Amino acid sequence: MAGAGIMDLVAGNPVVIFAKSSCCMSHTVESLIRSFGANPTIYELDQVPNGRQIERALLQLPGCQQSSPAVFIEQQFIGGNKEVNSLHLRNELVPLLIRAKAIWIWNGDRN
């Protein structure tokens with residue numbers, strides 16, 4: 001599976017996270033994105049049959065330094081935990097999620 005295979009997996013989904021069930025950073029990114037009301041498509045690389053193939057393909061993407069978590073928003077590779085949290089701290093994550101139609105409205109309340 002090459003980059004094209006990855007793009008097939010993310011096509012049609014506003015948010016896709018490639019994660020590992022044992023990775024705390026994966027869990028953190030999933031929780032952050034869900035906290036805004038998004039429902040990401042998640043591929044647990046350690047639980048899907050072709051997880052190792054997907055992992056190798058992810059590592060071939062430009063800018064991908066680790067396979068988990070690997071976040072795509074609107075079919076664009078965003079990065080991992082560090083990049084997602086950086087977007088959040090710069091108040092750029094919610095607008096990305098809205099533009100991708102992963103969430104419709106955000107009032108800033110996290111309760």
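Q: What does partly exposed mean here, and why is Glu92 called that?
A: Buried means under 20% relative accessible area and exposed means over 50%, with partly exposed in between. In this predicted model, Glu92 has 34% relative accessibility, so Glu92 counts as partly exposed.

Q: What makes Glu92 and Arg90 a salt bridge?
A: Their side chains meet at 2.9 Å, N to O, and the cut-off is 4 Å, so the pair qualifies.

Q: How many salt bridges does a search of the whole structure find?
A: The search finds 2. One of them joins Glu55 to Lys20, with the closest N and O atoms 2.8 Å apart. This pair links distant parts of the chain, Glu55 in helix H3 and Lys20 in the loop between S1 and H2, 35 residues apart.

Q: Is Glu55 buried or exposed, and why?
A: Glu55 has a relative accessible area of 19%, which is under 20%, so Glu55 is buried.

Q: What makes the approach of Ser68 to Ser26 a polar contact?
A: The side chains of Ser68 and Ser26 make this contact at 2.7 Å, and the limit is 3.5 Å. The Ser68 side chain also reaches the backbone nitrogen of Lys20 at 3.1 Å. Ser68 itself counts as buried because its relative accessibility is 10%, under the 20% limit.

Key. Residues are numbered from 1 along each chain as its sequence is written. This is a predicted model: local features need pLDDT of at least 70, side-chain atom pairs count only at pLDDT 80 or more; totals for chains, interfaces and linings use all residues. Side-chain values use heavy atoms; hydrogens and water are left out. Buried means under 20% relative accessible area, exposed over 50%, partly exposed in between (1.4 Å probe, protein chains only). A polar contact is a pair of N or O atoms within 3.5 Å; within protein, one must be able to donate a hydrogen and the other to accept it, and residues adjacent in sequence count only if both atoms are side-chain atoms. Helices (H or I, at least four residues) and strands (E, at least two) are DSSP runs, numbered from the N terminus.
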